[in-house]
Amino acid sequence: MPDSAKDEFLAAMVTEHQSALEKYLARKMDNPDDAAEVAQEAFLRLHRLESPQQLDNARAFLFQVATNLAVDQLRRRKLHFRFLKIEGGQASEAEAADLNAGGASPEQILGAREKLSAIYSAVEELPLKVRQAFLLHRKSGLSYNDISREMGVSVSSVEKYILQALQHCRRRLAALYAAEEKPRER
């Protein structure tokens, strides 16, 4: 089937289902921005199929892919908060949920922003392949096998890259906490 027919099919899917899909995901994820991002990724996955118009039930497929992506993202979010709790010894899961609910104190928000900034900086410092593997895994949610194919390297290399990235981020956060704990000299 020509690409134009596939494109027309996909455009019709977006028109018919985007709003409902985003509302469904926003209820599931409790965050409209994350919901929009996951919906977009679900449409991209549909686009990557060779002939999505030949699916028996494209809507059901789309919603199932979106559900799977949302569950993966929620798992990563939970792991992220657990990581912060272990590494920082400050954020509990209740506090993490409270940050999302808007009940955080200005100090908590500022602290979270500083930590996030430190993590972004740490990621930017990573060598290109390490950063690419890390972002494909953490941001795009790809499996090690998918990253391996995408980057043209072995799965063990992907594991090594991601471990290297995590260790670097942990060191940077540890340095941030150490700097916060030192008394300020005048």
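Reader: Which residue forms a salt bridge with Asp146?

Author: This is a predicted model, where local features need pLDDT of at least 70, side-chain atom pairs count only at pLDDT 80 or more, and totals for chains, interfaces and linings use all residues. Residues are numbered from 1 along each chain as its sequence is written, and side-chain values use heavy atoms, with hydrogens and water left out. A salt bridge here means a side-chain nitrogen of Lys or Arg within 4 Å of a carboxyl oxygen of Asp or Glu. With closest N and O atoms 2.4 Å apart, the partner of Asp146 is Arg149.

Reader: Where do Asp146 and Arg149 both lie?

Author: The two sit three residues apart, about one turn of the helix. Helices are DSSP runs (H or I, at least four residues), numbered from the N terminus. The one holding Asp146 and Arg149 is α7, residues 144–151.

Reader: Is Arg149 buried or exposed?

Author: Buried means under 20% relative accessible area, exposed over 50%, and partly exposed in between (1.4 Å probe, protein chains only). Asp146, at 31%, counts as partly exposed. Arg149 has a relative accessible area of 60%, so this one is exposed.

Reader: Why are Arg75 and Asp72 separated by about one helical turn?

Author: These two form a salt bridge as well, with their closest N and O atoms 3.3 Å apart. Arg75 is exposed at 52%, while Asp72 is partly exposed at 30%. They're about one turn apart because both belong to helix α3 (residues 58–88), at a spacing of three residues.

Reader: How much space lies in the second largest pocket?

Author: On a 1 Å grid over the protein atoms alone, a pocket is an open set of points where a 1.4 Å probe fits, with protein on both sides within 12 Å along at least five of seven lines; lining residues have an atom within 4 Å of a point. Grid points are joined across faces, edges and corners, and the volume is the space filled by probe spheres set on them. For the second largest pocket that comes to about 390 Å³.

Reader: Which helix gives the largest share of that pocket's lining?

Author: There are 19 lining residues, with Glu41 and Arg45 among the closest to the centre. At least two residues each come from α2 (32–48), α3 and α7. With seven residues, the largest share belongs to α2.
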